[in-house]
Amino acid sequence: MTDLAPLLENWEPVIGLEVHVQLATASKAFSPSATEFGAPPNSLTDPVVLGLPGTLPTFNRHALELALRLGVATGSKIRARSRFARKHYFYPDLPKGYQISQYDEPLCEDGHVDFLVGGEPRRVRLIRIHLEEDAGKLTHAGATSLVDLNRAGVPLCEVVTGPEIYSADEAAEFMRALNLLVRYLDISEGDMEKGQMRCDANVSVRRRGEDRLGTRAELKNINSFRFVQKAIEHEIARQVRILESGGKIVQETRLWDAAAGQSFPLRSKEEANDYRYFPDPDLPPLTVDGPMMMAVQQSMPELPMAKIARFGRDHGLPIDDARHLAGDRALADWFEAAVRAHGDLKAAKAIANWLLSELLGALNRDGRSIADCPVPPGHLAALVKLVDAGTISGKQAKEVFADVYATGAAPDAVVEQKGLRQISDTGEIERIAAEVIAKNPKQVEQYRAGKESVLGFFVGQVLKASGGKANPQVTSDVVKKLLAGA
Amino acid sequence: MSEVAWLSAAEQARKVRTREVSARELVHTYLDRIAALDGALGAYLLVDAEGALARADAVDAAIARGEDPGPLAGVPVAIKDVLVTEGMTTTAASRILAGWVPPYDGTAVARLRAAGAIVLGKLNCDEFAMGSSNENSAVKPCRNPWDLERVPGGSSGGSAAAVAAALCAASLGTDTGGSIRQPAALCGIVGVKPTYGRVSRWGAIAFASSLDQIGPMARTVEDAALLLETIAGVDPRDATSVDAPVPRYRDALGLGAAGLRIGVPREYFPDALDAEVRAAAERAIAALREAGARIVDVSLPHTRYALPTYYLLAPAEASSNLARYDGVRYGLREGGPAGKASLLDMYRQTRGAGFGAEVKRRIMIGTYALRAGYYDAYYKKAQQVRALIKRDFDEAFAAVDLVIAPTTPTPAFKLGEKSAPIDMYLADVFTLSCNLAGLPGVAVPAGLSSAGLPIGVQLLGRPLDEATALRAAAALERTVGLGRRPPHAP
């Protein structure tokens with residue numbers, strides 16, 4: 001990868017993103033065909049999807065509901081009355097010769113997405129979010145091209161940011177934040193590999209201190225978080241090199257080729273499509289009324305940023321742990337269930353530590369997700385309680401955890417069964433310690449002569465004599481007391 | 001030839017239900033007439049004899065079992081070829097759809113079938129319903145049964161000629177700027193352009209989506225009312241269909257014109273109006289006055305903008321609606337398999353060979369009007385003028401129940417007579433406003449010219465008030481109706 005740092009000394013990149021998010025409706029945006037990833041080609045079609053003569057679109061209101069959740073979650077202004085418009089171009093992935101989209105009257109405007117970059121809060125403004133239908137998919141095989149219309153007509157939200165992202169890192173973080181948001185809202189699976197979330201990036205650079213935007217290039221076909229970063233970095237470097245060698249940036253659309261790690265020009269500004277937008281006469285204006293907005297607002301879950309803040313404030317978690325937990329709604333829910341089961345917020349930090357290190361480590365090792373975690377949240381809470389109560393040592397707890405994870409048994413049962421219960425009873429430990437001291441007069445001499453490190457020897461011997469069950473802290477106290485008094 | 005063919009659809013259904021005549025006999029009668037007469041007329045693009053006879057037998061069998069096949073039991077109808085019919089080739093009279101067999105029935109056709117009607121076949125029209133003479137059919141011209149030298153009008157020319165010549169009991173047409181009413185007038189039959197949204201457009205091959213309506217064409221007002229009752233009503237598959245109850249239109253037909261306030265818009269009677277058309281319209285107005293209607297002068301001041309407004313909006317929408325004919329999924333494909341021609345070549349060659357001259361002209365006009373930076377000056381401005389035209393009618397309907405006007409500027413003209421596109425566009429000058437305003441319009445015959453050609457008038461009503469227009473049309477049918485059959489349809 002190019003080292004951008006020297007290039008960025010004099011140049012500032014400015015990036016705007018257009019993100020397409022597939023909405024997880026059961027049927028398509030304008031027809032009854034099912035939506036499903038990976039079905040046999042052209043099996044999810046009907047006369048409307050095929051654009052057969054005489055067919056008409058009818059809007060799937062569920063897609064509106066999902067789009068509204070995104071609109072509310074991003075604090076957008078929502079139009080009570082928006083319109084569908086036709087966007088025209090000829091391509092075999094577009095059965096009608098136009099895409100039903102929204103143009104000058106989009107559903108949402110003036111929203112924002114909040115996220116963290118290097119622990120610092122960052123807000124990117126959204127120009128608009130609008131509804132549209134997806135196109136089909138073309139596969140080029142040598143001289144022939146194959147058309148699969150399964151994806152055609154799947155509802156999409158197009159999210160358009162302002163030109164106010166200033167690095168490839170920020171762009172990637174924005175994408176992650178938006179991805180997390182749509183999964184929190186349960187409106188899309190957001191899997192970039194499956195094309196459920198796709199990104200075009202408008203990239204330009206300008207001399208530092210300059211206000212005016214430079215000429216931009218649009219990068220298309222970016223289909224993973226990693227490629228968002230890579231493609232944009234590559235484009236920034238390309239533009240800076242051109243400008244530094246006295247050249248000019250051409251306004252054009254470029255196709256990102258992930259395999260080659262490069263972008264290629266697709267079409268210039270002059271060759272750009274004239275989409276001939278006009279309001280779709282087949283579809284009445286899209287209306288959103290008060291009760292519908294109310295229902296959407298009431299169905300809003302806690303959003304990621306709010307959750308991170310709460311985990312820091314109420315649960316006392318360090319920001320990285322809070323982010324990690326909030327980065328997966330199921331993980332955050334599991335964590336909170338464990339804290340609830342424990343009953344004491346003060347244990348939250350210990351629970352988070354166990355969850356993030358031991359439990360996630362085990363799950364990752366086994367390729368499992370939190371959804372099919374064999375340990376119920378209550379068991380982890382119980383384990384933390386056993387440690388806090390001094391019933392078992394931290395070391396023992398790891399052993400117990402391994403058993404709990406492997407068998408799903410409750411920690412108390414494992415402790416009982418393995419006879420791991422720690423001896424914290426002072427009398428019992430005194431008895432053992434007295435025996436140990438009596439057997440080692442030489443070491444007692446050394447201790448009294450001021451060699452304090454001998455204390456560790458006594459503690460180790462007591463623990464050994466107890467079969468590892470003696471509480472190390474209690475043992476240390478007892479040994480000190482006995483040595484002082486003997 | 002058999003007189004039963006000339007009976008009204010309502011009468012035919014009655015006879016079939018009482019078993020005075022079988023559906024099979026009716027279908028046979030029409031098939032024989034089509035075989036004998038349609039060679040000269042050219043109304044049919046497809047005759048489905050086998051399917052129609054099978055359906056007729058099913059109707060007869062149902063009646064024999066004591067079932068009621070519906071209010072159109074056994075009535076043989078035919079369908080304009082821009083309406084899709086399941087399993088029956090549908091081409092919109094265009095080369096680009098040659099041989100396309102739809103996998104579904106449009107709503108209006110499905111409702112006719114559900115009411116017991118039998119579909120005889122598909123009717124000729126101007127390609128994609130663009131034209132006023134049926135001469136734009138890519139298949140063949142259609143002729144007027146009153147004079148074979150003359151056009152039947154268009155675009156529903158085949159639908160009008162077939163009904164006028166009794167080659168079917170009734171038919172369906174579509175009306176985007178007059179395409180039902182103008183040919184109905186030129187062929188001397190009744191044609192109804194319903195309120196926009198009254199009849200579902202599901203299954204109507206789109207020309208201009210904000211203007212298109214399907215409507216009945218029939219020899220009597222009663223039949224037109226009967227068909228409209230059958231096909232009208234909200235449809236979940238058409239988001240622009242109106243959810244309003246459908247009256248039993250036939251009930252109002254006997255009420256006469258007494259008490260109706262009928263407006264005569266002065267803009268529809270220019271000095272240059274054909275004298276015989278003027279005379280016929282005046283006879284119709286006099287007949288309504290005689291029948292007790294109050295005749296009121298009204299003004300629709302924006303009428304003169306209707307033609308340019310229409311010829312921006314309709315082509316703009318058409319250029320969009322016809323984008324789907326690209327050779328990829330159905331219909332004609334030119335430019336061969338990939339490898340031999342680029343994708344762009346395939347589009348160019350397919351659309352170049354598949355569309356006729358008038359369709360191409362409108363695609364180009366519409367594409368021009370929707371260009372980036374021109375939308376406001378053309379499409380948007382036209383929509384604003386459209387709103388003014390609608391407002392003219394709203395204001396007129398504050399004072400009157402109906403507006404009456406000539407349907408066409410002249411009786412039927414000769415094939416080849418109007419070679420300049422603008423002359424052809426002017427043939428629709430009286431019918432366009434009704435579509436722009438989304439109103440119902442009923443065309444009804446109002447006598448013959450001195451040359452023996454039909455002349456029609458149209459009654460335009462308030463939105464969703466087809467009933468009043470049909471009622472006045474029935475009054476005219478009883479007074480100034482033709483009372484004669486076309487000479488070329490014995």
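This is a predicted model: local features need pLDDT of at least 70, side-chain atom pairs count only at pLDDT 80 or more; totals for chains, interfaces and linings use all residues.
A crossing of two helices is left-handed if the near helix is turned anticlockwise from the far one by less than a right angle, and right-handed if clockwise. Residues are numbered from 1 along each chain as its sequence is written, and chains are lettered from A and ligands numbered from 1 in the order in which they are written.

**Helix pairs in chain A**

I looked up α8(A) (residues 329-342) and α10(A) (residues 377-388) and found that their axes come within 8 Å and cross at roughly 50°. That makes α8(A) oblique to α10(A). Their crossing is right-handed. On the α8(A) side I noted, among others, A:Trp334 and A:His342, which meet α10(A) residues including A:Leu380 and A:Lys385. This contact has eight nonpolar, two polar and one charged residue.

Next I took α3(A) (residues 168-184) and α4(A) (residues 225-244), whose axes come within 8 Å and cross at roughly 155°. That makes α3(A) roughly antiparallel to α4(A). The crossing is right-handed. A:Met175 and A:Arg176 are among the α3(A) residues in the contact, and A:Phe225 and A:Glu233 among those of α4(A). Here I get eight nonpolar, one polar and three charged.

My terms: helices (H or I, at least four residues) and strands (E, at least two) are DSSP runs, numbered from the N terminus. Axes are lines fitted to C-alpha atoms, for helices over the stretch in contact, with angles from 0 to 180 degrees between N-to-C directions. Under 35 degrees is roughly parallel, over 145 roughly antiparallel, 65 to 115 roughly perpendicular, and the rest oblique. Contact means C-beta atoms, placed from the backbone, within 7 Å. Ala, Val, Leu, Ile, Met, Phe, Trp, Tyr, Cys and Pro are nonpolar, Asp, Glu, Lys and Arg charged, and the others, Gly among them, polar.

**Strand β4 of chain B**

I checked β4(B) (residues 170-175): six of its six residues are buried, so the strand is largely enclosed by the rest of the structure. (Buried is 20 or more other C-beta atoms within 10 Å of a residue's own.) B:Ala170, B:Leu172 and B:Thr174 point one way, and B:Ser171, B:Gly173 and B:Asp175 the other. β2(B) (residues 76-80) runs parallel to β4(B), joined by three bridges, with B:Val77 partnering B:Ala170. β6(B) (residues 213-218) pairs antiparallel with β4(B) over six bridges; B:Asp175 stands opposite B:Gln213. Pairing takes at least two DSSP bridges.

Key:
Two residues are in contact if their C-beta atoms, placed from the backbone, lie within 7 Å. A residue is buried if 20 or more other C-beta atoms lie within 10 Å of its own, exposed if 12 or fewer, and partly exposed in between; C-beta atoms are placed from the backbone.
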